[in-house]
Amino acid sequence: MKKLIQIHIEEACEECKLSIEVIRKFILEEWIKPSDPEELLFDQEDLARIHLILELQDDFGVNDEAVPIILQLLDQLHSLRGTVSRLNR
Amino acid sequence: MTDPYVTLGVSKTATPEEIKSAYKKLARKYHPDLNPGNKESEHKFKEVAHAFDLIGTKENKQKFDSGETDQQKQQQYEEYMRRGSGNKQRPFYQETQDGSSRYSSAFGGGMDDDIFSKFFGGTGRGRNGGVEFPGEDEQYQLEVDFLEAARGAEKVITLPNGKKLQVKIPAGIQEGQKLKFKGHGGPALGSGSPGDAYVSISIKPSSEFNRVGKDIISEVPISLFEGINGAEIEIQTIDGPVMLKIPPGVSTGTKLRVKDKGAGSGEQRGHHIVSLKVVLPKDPPHGLKEALKNIEKQFHYSPRGHS
């Protein structure tokens, strides 16, 4: 599922219809970690995560304090799902 | 073409706020990241999102109501719904997470220095990318006899899961002390290490002895004559009977120490402290009273200070 393409932060802004400041904030808060942090390149996973954060904020009314908690829980959930499916193999 | 009003469950006269609120409610319900793997939810979510796209703002609603919504938008939507999840423009977040993806396998990397590490007791991440959830520590209580605690013992306890645990109780163990059994706690998940079992010791009291730290205390009754003249009597220690020499002139409360007969072992061993108690006969025979009256005249003393 992981696409190998990476896009630059400016393209990411365009794709997500966001200002560069918002994405910078997401990075500073460590909500997203660009797949190439030095060149600020984003992969599919980063973009999906940005969309998820936006949906959490806009549709779910999640505030800035709760965003990292939900992301952490989702990460752990996905990690556990991965482990469980590996164990089932 | 689906009716966005029906999809969102609002009337045609609904205000933008009402529409937005209905949309949010449905979006929360059907969001694919909350319903991973549920295709129906995903489909519903897309429908709801599209419906909101059509009538979510005042301008769009007006356009839609007057039939001006451009055909392009509808086509885009239909195209979007037809396409499989493999090649659509943007996957939902959960679709990018397969357990080996960066975020879910890297949530240990600098991002978990917060409450979650506390929740999960130092959750780590395997070097190979798999999770390492250590098993939970488990607490047990074990009641031991007074003598077992003082002299040490070996016991076998059965854990709730049926596992048997050989417990070596060190001599001189204290009330409430915990013994740790590494790896005998809850099982680990993934490649983490299992938790530890902690056995907390409680000591049953003895009718014969008391403990203060490593010392064993016992109260030994003696007669008036033994108290005055001294004696050699047999007393009980945790190692069995020993002979104790009582010097002349002891009273109730006098303490005598028997070395190295306390709790513990080796150089760490405590002492046995004998606390004497002078016991007088309950119904002194007439002859004794008479005899003592005569002796008292000669050997009168006042234990309260002024003789």
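User: Hi! In what order do the strands of the four-stranded open sheet in chain B come?
Analyst: The order is 9-10-14-13, with mixed pairing. Two strands pair if DSSP finds at least two bridges between them. Helices (H or I, at least four residues) and strands (E, at least two) are DSSP runs, numbered from the N terminus. Note that this is a predicted model: local features need pLDDT of at least 70, side-chain atom pairs count only at pLDDT 80 or more, and totals for chains, interfaces and linings use all residues. Residues are numbered from 1 along each chain as its sequence is written, while chains are lettered from A and ligands numbered from 1 in the order in which they are written.

User: Thanks! Which strands are at the edges of that sheet?
Analyst: Strand 9 (210–212) and strand 13 (255–258) of chain B, each of which pairs on one side only. On average, neighbouring strands here are turned by 35 degrees against each other, direction ignored.

User: How many bridges join strand 13 to strand 14 in chain B?
Analyst: Four, and the two strands run antiparallel, with strand 14 covering residues 272–278. In one of the bridges, Val258(B) is partnered by His272(B) of strand 14.

User: Switching to the three-stranded sheet: what's its order?
Analyst: That open sheet of chain B is ordered 3-8-6, again with mixed pairing. Strand 3 (138–144) and strand 6 (178–181) of chain B each have a single partner strand, so one side of each has no neighbour in the sheet.

User: Nice. Which residues of strand 8 are on the covered face, and which on the uncovered one?
Analyst: In chain B, Ala197(B), Val199(B), Ile201(B) and Ile203(B) form the covered face, while Tyr198(B), Ser200(B) and Ser202(B) form the uncovered one. Tyr198(B) is also the bridge partner of Gln139(B).

User: New topic: helix 2 of chain B. Which residues are buried there?
Analyst: Ile19(B), Tyr23(B), Leu26(B) and Tyr30(B). Buried means 20 or more other C-beta atoms within 10 Å of a residue's own, exposed means 12 or fewer, and partly exposed is in between, with C-beta atoms placed from the backbone. Seen down the axis of helix 2 of chain B, these buried residues fall within an arc of 70 degrees, so they line one face of the helix. The arc is that of the directions from the helix axis to the C-beta atoms.

User: Why would that spacing give one face?
Analyst: An α-helix has 3.6 residues a turn, so residues three or four places apart point the same way.

User: What covers that face?
Analyst: The cover for the buried residues of helix 2 of chain B includes helix 1 (4–8) and helix 3 (39–55) of chain B.

Conventions. Axes are lines fitted to C-alpha atoms, for helices over the stretch in contact, and angles run from 0 to 180 degrees between N-to-C directions. Two residues are in contact if their C-beta atoms, placed from the backbone, lie within 7 Å.
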